[in-house]
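Colleague: I have the model open and would like to know what stands behind each label. Can we start with helix packing?

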Amino acid sequence: MSAATETLNPAGHADEHGHDHGHDHDHGHHASTGWRRWVYATNHKDIGTLYLWFAFTMFITGGTMALGIRAELFHPGLQFWQPEFFNQLTTLHGVIMVFGAIMPAFTGLANWMLPLMLGAPDMAFARMNNWSFWLLPPAALLLIISLFVPGGAAAGGWTLYPPLSIQGGMGMDFAIFAIHLLGISSIMGSINIVTTILNMRAPGMTLLKMPMFAWTSLVTAYLLIAVAPVLAGAVTMLLTDRHFGTHFFKAAGGGDPVLFQHIFWFFGHPEVYIMALPAFGIVSQIIPTFSRKPLFGYVSMVYATASIAILSFMVWGHHMFAVGMPATTQLFFMFMTMLIAVPTGVKVFNWIATMWQGSMSFETPMLFAIGFVCLFTVGGFSGLVLSIAPIDTEMQDTYYVVAHFHYVLVAGALFSLFAAVYYWLPKWTGNMYSEKAGKFHFWWSMVWFNVTFFPMHFLGLAGMPRRIPDYPLQYTDFNSVASVGAFCFGLGQLFFLYNVIHTIRGGVGKAPANPWDAHTLEWEVPSPAPHHTWESPPDEALVKKGLVAQALEH
Amino acid sequence: DSRFDFQPAQTSIAQDIHDLHSWLMVVILVIFCLVFGVMFYAIFKHRRSLGHNAKPFHENTAVEVAWTLIPALILVVMAWPAAKVVLAQKDSHDATLTIKATGYQWFWGYDYLDSGFGYKSKLVTPRSQIENYKSAGDAKGEHYLLEVDEPLVVPVDTKVRILTTSNDVIHSWAMPAFGVKQDAIPGFIRDTWFKAERTGIFRGQCSELCGRDHGFMPIVVKVVSKDDYKTWLGKKQAEAKAAADDPNKTWTRDELIARGQKVYEANCVACHKADGKGGGPFPALAGSKIATGPKEGHVHIVLTGKNAMPSWAGLTDTEIAAVITYERNSFGNKTGDFVLPKDVKAARK
Amino acid sequence: MNVENGIHDPHYFVPAPSRWPIVGSIALFCMGMGAAFWMNDVGAGKYVLLTGFAILIWMIFGWFGDVIREAQAGQYGTQVDHSLRWGMSWFIFSEVMFFAAFFGALFYARVISVPELGFFSHTHDLLWHNFNAVWPTSTGPKVDPYQPMEAFGLPAINTAILLTSGATLTWAHWGLVEGKRDHLKIGLAITVLLGLSFLTLQAIEYHHAWTEMSLHLASGAYGATFYMLTGFHGMHVLVGTIMLITMLGRALRGHFTPKHHFGFEAAAWYWHFVDVVWLILFVFVYWL
Ligand code: HEA
Ligand code: HEA
Ligand code: CUA
Ligand SMILES: [Cu+2]
């Protein structure tokens, strides 16, 4: 631990027993051990760790399902699965990746890092934080169990459109209840994040001086609180339509299947930004660090984030260009969707301006961040193509869409998560990862990602529908390439796991408190970060030093 | 090469869409090269390993305003032509010919509303080409998965309006070469249109997940000359009249069984198998409670479906009566009874 | 609130490790699984569901018990108090959005799907030409006829009850702030009674609708939106009433001081939220 930290943050290095809150609830400070440490946890770092491991497990699970999909699609004809099982794979792959892997990973990062970055002792509601996490494994369990009930798992796609989802067997009910649990978890997790950010920042750290990651987490959490309940409502209506005779989505009673799509996408589109904004935040921390320059256009970044969030509530119809909306509605959604390119563009330009005239170095986090910027932009551009309603007539429900969202989700969200893990691993474990291994992971992923997903654009242009287990012969070549790519890409992720474990076990040596020379508060505590940090708020002078270095204060 | 690009456009709308797309690709590629040109310049020149020192500037209002406004302007330039195409796509009035396309799990039905006949259009690729679980199966034909028993037939140079709807779940009627894709929503009618400029056979696939055989319900349109269309229409109308099951016909059990076997082979065999033993999630009919129990229950399940079993209400009364009779008297089932079309009609209520 | 340069408790209260969250997770897992089995007629489903519910109740007692003990022990400083306020506000916002989904369904049915099926569009002409609909519908294209609900009977009385209860609750709050404990107790007690009367009247209304008006969950889009909106609202009134009963119990035991009584305020916020939802319901479900 650096001397500076010791004097400025005397509480920061306290051992498990040695500090005193001045209260009489001493049981809290004999940290639990063994399984209780994790199951009863109220410590944000422990909970963050739980989230991250859970997310990774789900990523492997969902990824294995993706390999099941790719294996079947390697050749035309049905080789491995019955079509209905293929549909279950697709559905669970989507649900598990979105709700089980990407979202929990971001919440986990927010848990680990926000209190450290803001100078708070913990999350605002530490006990509720535990519940947010521990609702996830039961939800995952419901999804996994559903594979084995009569009729199998939900098979209507992650979008669960009725009436198909009304036909499904009890696996669909498992999925509905899993979504309820995931929703409750997301809402509680988000309330915690919002409250922590609004109420627990270090002295002198005004809202417009917070790290960008805090800003994007704040806006993301806001989006989640707004839309998770809407999704819960939608699947509840599905449930009553299935079992209690209601007619929300049935014409026979005056309802409409399309109503579900409106409600779902009112949730669904903000949801995709829920998986993108935290990524923007991470990248906005990493690029300045490795460019050795302050983030360019901090305030415009904040406004861009907010604009994206607000616009995201007004574009849901772009997922429904083929349902037959009136021309005016279609035009409205088309224009609004195109507009999102503007604030997103501002972000991309700001990142590049941050690199411009920097003194760049290319450690693994930076590589993943740059990879993110390039490939996310490709995904953004294909999004823009889709947003043009007439063009979407050709693309809707084809592999072009699959290509689009894997560019923004895998090369976007997932790559940013890899960047974050490499960036903060030294802080978490106290050890440095092997740079060589990290770089290998990056280049391997970069190459095979593109081999997997770039050809899907061509498949989509040529008209191959998504969610099919078998396809006409003219699509064979690109599908085979994509399948090979997917298996290689997957293999590379095992290597990522190896890197992480290697680092936990000592890596290539001890990490200093601030290995990257970064200026946010998490680097002011020792590596590994002690169990309790910032038990009393950081000193104003310390906060100010960091803000000046980030050019947020003069 | 059409493997890399859209299928060749056969309508002016499709052509407009392709032009829009090409124009968009140009804009995007230019932006991409500019933006990443700058970035990679920085990456190669402004690196620490070259001894480059950081210049700590961090804002510039002029630049920031510029890179907000310029993209916005580019978007306007893209939105304008796109909006025109949207309006053209939506303008389905003045059609010469109106056809209702109904999605069924898992085939399409076409009704020529102006001429009073209709038919079903089903995949004909044999299962032996599709199912390769145990061996490579039969060699796949040229139009593997894209061939149907009876395509939709339309005249060239004629504005054809397609009304879509569905019998069960959402399907989507898509014809890439025409620039058309319209969801078929149960209980609702939606419409789209096209005016094909060349004769020929064009192929598409159902484009909304609709259950197990979503990948196996192609859409084939045969565009013929106006004369050929007239001939075909006449033939079709006559045929339809002849083939219509006379509602007053009195069926015998054996006639029903014979008819039912055909219906079974066309519709049920994919799940319940030729021997009625089913497999996986699909229950056996041989000895099943429903196929040997009361007739009413059997009719009910065929009409309404259950779990993975779709509703077969799209079949005619005669077809349902026949197939049920067949099922109750085959695979070792020996109920000896039979169901008449009028029973099915009553059960539909 | 603490926005720019607010409060920094030197010792923000961080609770000790707790078993309640995992108990709650087990409860919800059992409930989800039990409900899924039960709805599909699988043997033990109902019992698993009930067990889960029992565990949930246990968890709620345990967890809130801890919270009350901590509050009484004075462990919640000003900054914690602010956190609780933010937390409760955002929770209520999430509830607003939950109701928004169902109101969205209601407006969609009224403005889009029922007119489309009922009197214009090809959908009407080609598929449902026998169905003529105006809102409130008294039949659906294919549902049994029913009678829609009247606004100016029990629902109007219930509106009056809820509005009054909002006032009595505020009166109780004044009592608390001014140190008049009797006001507090009487005000709370009256509010609880009003809440219970509301629930009773709603139960009577439901019974009447179900048995005499043939208005069921399956009564088309009208029945579905009617029961789901008023039903979820009723559940919220029930929860709110239980919260108020808890607050009454705490008041009787001498909890709360004129300065520190966030538990009471949270319950009050919740109650007012439920009140507002009812007003919107009354207008759009019953009246217009
Ligand atoms: C992280 C997730 C994420 C993100 C960020 C986005 C971002 C965008 N998406 Fe995407 N999208 C998904 C996830 C995401 N999407 C998913 C999961 C689906 C499918 C769901 C399903 O059906 O299963 C989907 C589907 C989808 C569709 C529906 C396709 C269909 O089903 O037919 C559309 C249509 O408009 C669309 C558009 C866009 C647009 C315009 C953006 C924009 O935000 C992109 C903006 C970015 C840029 C444009 C690049 C950077 C900008 C510049 C460099 C500035 C200069 C540029 C110009 C002026 C052109 N998306
Ligand atoms: C949110 C994030 C996310 C992520 C990270 C991914 C990751 C991947 N996805 Fe996908 N995907 C979605 C979200 C995501 N996906 C969604 C929302 C859908 C739509 C679903 C729907 O239509 O309803 C979808 C649909 C989808 C489809 C279309 C299916 C269809 O239409 O039928 C395909 C097809 O190729 C696909 C592939 C992949 C692949 C190859 C990966 C890879 O990146 C996965 C890599 C990971 C692994 C492979 C696992 C790790 C390693 C091992 C398990 C070890 C063993 C491996 C080897 C020995 C090789 N995904
Ligand atoms: Cu029919 Cu997909
Ligand atoms: Cu979207």
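**Labels and their grounds**

Modeller: In H4(A), A:Phe99, A:Met103, A:Thr107, A:Ala110, A:Leu114 and A:Leu118 meet A:Leu182, A:Ser186, A:Ile193, A:Thr196 and A:Ile197 of H8(A). By class, this contact has eight nonpolar, three polar and no charged residues. Contact means heavy atoms within 4.5 Å. Nonpolar covers Ala, Val, Leu, Ile, Met, Phe, Trp, Tyr, Cys and Pro; charged covers Asp, Glu, Lys and Arg; the others, Gly among them, are polar. This is a predicted model, where local features need pLDDT of at least 70 and side-chain atom pairs pLDDT 80 or more, while totals for chains, interfaces and linings use all residues. Residues are numbered from 1 along each chain as its sequence is written, chains are lettered from A and ligands numbered from 1 in the order written, and side-chain values use heavy atoms, without hydrogens and water.

Colleague: What makes H4(A) and H8(A) roughly parallel?

Modeller: Helix H4 (residues 83–118) and helix H8 (residues 170–199) of chain A pack at about 20 degrees, with axes 11 Å apart. Axes are lines fitted to C-alpha atoms, for helices over the stretch in contact, and angles run from 0 to 180 degrees between N-to-C directions. Under 35 degrees counts as roughly parallel, over 145 as roughly antiparallel, 65 to 115 as roughly perpendicular and the rest as oblique. H4(A) and H8(A) are therefore roughly parallel. Their crossing is left-handed; that is, the near helix is turned anticlockwise from the far one by less than a right angle (clockwise would be right-handed).

Colleague: Why is H3(A) called roughly antiparallel to H19(A)?

Modeller: Helix H3 (residues 44–72) and helix H19 (residues 476–504) of chain A pack at about 160 degrees, with their axes 10 Å apart. That makes H3(A) roughly antiparallel to H19(A). The H3(A)–H19(A) crossing is left-handed. Residues in this contact include A:Trp53, A:Phe56 and A:Arg70 of H3(A), and A:Asn479, A:Phe487 and A:Leu497 of H19(A). By class the contact has 12 nonpolar, three polar and one charged residues.

Colleague: And how do you know that H12(A) and H14(A) are roughly antiparallel?

Modeller: The axes of H12(A) and helix H14 (residues 341–355) of chain A come within 8 Å and cross at roughly 155 degrees. H12(A) and H14(A) are therefore roughly antiparallel. H12(A) passes H14(A) in a left-handed crossing. Among the residues that meet are A:Met301 and A:Ile308 in H12(A), and A:Lys347 and A:Trp351 in H14(A). The classes are seven nonpolar, five polar and one charged.

Colleague: Which residues coordinate the copper ion (ligand 4)?

Modeller: A:His269 (ND1), A:His318 (NE2) and A:His319 (NE2), at 1.8 to 2.1 Å. Their spacing in sequence is H-x48-H-H. A:His269 lies in helix H10 (residues 257–274) and A:His319 in the loop between helix H12 (298–311) and helix H13 (327–339) of chain A, so the pair ties together parts 50 residues apart in sequence. The copper ion and the iron atom of ligand 1 are 4.5 Å apart.

Colleague: Which residues does a cis peptide bond join in chain B?

Modeller: B:Gln105 and B:Trp106, with omega about 0 degrees. B:Trp106 is in the loop between strand S1 (97–104) and strand S2 (107–112) of chain B. In chain A, a cis peptide bond joins A:Ser527 and A:Pro528, with omega about -10 degrees.

Methods:
Donors = N, O, S within 2.8 Å, 3.2 Å for Na, K, Ca; no water. Helix = DSSP H or I, 4+ residues; strand = E, 2+ residues; numbered from the N terminus.
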